[in-house]
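The entries follow in the order in which I made them.

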Amino acid sequence: MHLIMVVVTDIFGGFTINEYDPIDWGSIEDKKHFRDLTTKIGTVIMGRKTFESIGKPLKDRLNIVLTNKNFKNDKNILFLKGNPQEIISSLEKKNIKSAAVIGGKKVFEEFFPYIDKIFITIEPIILENSQKLSFKRENFKLITTNVLNERGTIVLEYEKLP
Ligand SMILES: NC(=O)c1ccc[n+]([C@@H]2O[C@H](COP(=O)([O-])OP(=O)(O)OC[C@H]3O[C@@H](n4cnc5c(N)ncnc54)[C@H](OP(=O)(O)O)[C@@H]3O)[C@@H](O)[C@H]2O)c1
């Protein structure tokens, strides 16, 4: 299955200012890009903390929320636990062909080896005291660039090279 990482950062790669950051520093245009892209992909995978900072399931998408706690599944929300391979194989059993990995830090880092595409939005701002993501070295190829607004919010699409 295809796993696509969808993330927004500041100019220097800062991607959050605190554990439950609602990302209100992101532009309206990026929120629309995020909604359109993840709706097209159809399934989103996120950690329990990111789910709590969003505050509700994302509509028109199957929401996979990773947690070791016990929550009740709902119409478009499925709580799962396990390592990435177990999560991927349980989604494949449901005939899901692709999913967007939407954070947060823990989920990005554990799923990164299985990601084959990244959509990164760079907001033309600098966040104070931001946190960065940390991965092992991989090589990517730039596929598309898309400027979202006059300020220069940019979306870069990358594919992982073998
Ligand atoms: N800039 C961006 O694009 C972006 C996007 C999303 C989030 N963020 C930021 O990311 C930060 C949150 O990251 P985070 O690392 O603190 O939290 P997180 O990744 O959102 O959630 C971590 C939680 O997810 C659960 N979890 C993760 N992997 C699991 C697995 N394999 N099996 C079962 N449960 C699993 C655990 O929940 P339990 O404790 O319930 O077991 C864990 O405590 C926030 O600051 C947020 O703003 C940024």
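I began with Asp 60, which counts as exposed because it has 10 C-beta neighbours inside 10 Å. The rule I used places C-beta atoms from the backbone and calls a residue buried if 20 or more other C-beta atoms lie within 10 Å of its own, exposed if 12 or fewer, and partly exposed in between. Asp 60 lies in the loop between helix 2 and strand 3 (62-66). Helices (H or I, at least four residues) and strands (E, at least two) are DSSP runs, numbered from the N terminus. Asp 60 has a positive phi of about 65°, although it is not a glycine. I noted a positive phi of about 65° for Asn 95 too, again not a glycine. Asn 95 sits in the loop between helix 3 (84-93) and strand 5, and is exposed, with 7 other C-beta atoms within 10 Å.

The model is predicted: local features need pLDDT of at least 70, side-chain atom pairs count only at pLDDT 80 or more, and totals for chains, interfaces and linings use all residues. Residues are numbered from 1 along each chain as its sequence is written.

I traced eight strands in an open sheet, in the order 4-3-2-5-1-6-8-7, with mixed pairing. Strand 4 (77-80) and strand 7 (140-147) are the edge strands, each pairing on one side only. Two strands pair if DSSP finds at least two bridges between them. Strand 1 and strand 6 pair in the parallel sense over six bridges. In this pair, Met 5 stands opposite Ile 118 of strand 6.

Is Ile 118 buried or exposed? Ile 118 counts as buried because it has 21 C-beta neighbours inside 10 Å. Leaving out residues up to four places away in sequence, I found that Ile 118 touches Met 5, Phe 140 and Tyr 158; contact means C-beta atoms, placed from the backbone, within 7 Å. The C-alpha atoms of Ile 118 and Ile 4 are separated by 5.6 Å, though the two residues are 114 apart along the chain.

Which residues come nearest to the ligand? Of the 28 around it, they are Asp 21, Gly 47, Thr 50, Gly 103 and Gly 104; a residue is near if its C-beta atom, placed from the backbone, lies within 6 Å of the molecule. I also checked the peptide bond from Gly 103 to Gly 104, which is cis, with omega near 0°. Gly 104 lies in the loop between strand 5 (98-101) and helix 4.

Definitions and conventions:
Two residues are in contact if their C-beta atoms, placed from the backbone, lie within 7 Å.
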